[in-house]
Amino acid sequence: MKKILLILLSGLSMANAGNITGTVRAEGKPAPEGAATGGNYDSRKYKFAERVNYDEMHDFVVYIEGPVGAKPAPPLKPLTVDTRRIEQKGAAFSPHVLPLVVGTKVEWPNDDSIYHNVFSISDAKPFDLDLYKGLPPDKNVTFDKAGRVDVFCSIHANMNCVVLVLENPYFASTDNRGRYSITNVPPGTYKLKAWHERVPAQTREIVVPESGEVKMDFVLGINGLPRY
């Protein structure tokens, strides 16, 4: 009887949850007429100066800020730590942005035939895995504090990635069309944030229903910053 009650309560918990969907895109500042082409931009000095294409920007993350729901009681047995991977291949980290919840362990396999180093000086998680190839058993990091962690290789200038450590599991990365979906969110009023490493984040209040879907779109751009 007790087992049946637990199953019914579990089903009820899943029923009392909503989904958050939407899109995220970025928008650049309008350039003065003729500023993007011609003149000095056609000169040998600046012809290779690459401009940001905001329409092609990706790696957005949408997440609920702060803890969600009551703090769970400590488990009777230690929980298995969730493990993710950021690969080093072609002298690049992949994925470039990895959102995860506090307590997740990340492995850093080096699939290249040359040495790489993985390190961070971020306040949320400073670490240094030294130089290595392959995946020795000690080349992993458990992220135990929420925040942004910028990661680099000490010998390759263009190798960098971001680990975004979040306080709850209600987050999603956008797909290649800028769409996201956060499922099974407990009903309530939350602060929903859209984030990208290059432009200011945007936060909006959202009310999640007990069932069904609520939609929230974001347009991120360089605005609202102080002028000097």
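**Reading the labels in this model**

Q: Why is Asp130 called partly exposed?
A: Its relative accessibility is 48%. Partly exposed is the range between buried (under 20% relative accessible area) and exposed (over 50%), using a 1.4 Å probe and protein chains only. The 48% of Asp130 falls in that range, so Asp130 counts as partly exposed.

Q: What stands behind the numbers here?
A: This is a predicted model, where local features need pLDDT of at least 70 and side-chain atom pairs count only at pLDDT 80 or more, while totals for chains, interfaces and linings use all residues. Residues are numbered from 1 along each chain as its sequence is written, and side-chain values use heavy atoms, leaving out hydrogens and water.

Q: What makes the phi of Asp130 worth a remark?
A: Phi of Asp130 is near 70 degrees, which is positive although the residue is not glycine. Most residues other than glycine have a negative phi. Asp130 belongs to strand E9 (residues 127-132); strands are DSSP runs labelled E of at least two residues, helices are H or I runs of at least four, and both are numbered from the N terminus.

Q: Where is Ala91, and what is its phi?
A: Ala91 sits in the loop between strand E4 (87-88) and E5, with a positive phi near 55 degrees. At a relative accessible area of 33%, Ala91 is partly exposed.

Q: How do you know which bond is cis at Pro95?
A: Omega of the peptide bond joining Ser94 and Pro95 is about 5 degrees, and this bond is cis. Most peptide bonds are trans. Pro95 lies in the loop between E5 and strand E6 (97-101).

Q: How many aromatic pairs are there, and what makes two rings a pair?
A: There are 4 aromatic pairs. Rings of Phe, Tyr and Trp (its six-membered ring) pair if their centres lie within 6.5 Å; planes under 30 degrees apart are stacked, over 60 edge-to-face, and the rest tilted.

Q: What makes Lys133 a charge over the ring of Tyr115?
A: A charge sits over a ring if NZ of Lys or CZ of Arg is within 6 Å of the ring centre and within 35 degrees of the ring normal. Lys133 is 4.9 Å from the ring centre of Tyr115 and lies over its face. The charged end of Arg204 likewise sits over Phe218, 5.1 Å from the ring centre.

Q: What makes E13 and E16 the edge strands of their sheet?
A: Two strands pair if DSSP finds at least two bridges between them. The open, antiparallel sheet has 4 strands in the order E13-E2-E15-E16, and E13 and E16 each pair on one side only. E2 pairs with E13 over 3 bridges and with E15 over 4 bridges.

Q: Why is His196 called buried, and what surrounds it?
A: Its relative accessibility is 7%, so His196 counts as buried. Beyond its neighbours within four places in sequence, His196 contacts Met57, His58, Asp59, Phe60 and Leu220, where contact means heavy atoms within 4.5 Å. A polar atom of the His196 side chain lies 2.7 Å from the backbone oxygen of His58, and the backbone nitrogen of Arg198 is 3.0 Å from a polar atom of that side chain.

Note on methods:
A polar contact is a pair of N or O atoms within 3.5 Å; within protein, one must be able to donate a hydrogen and the other to accept it, and residues adjacent in sequence count only if both atoms are side-chain atoms.
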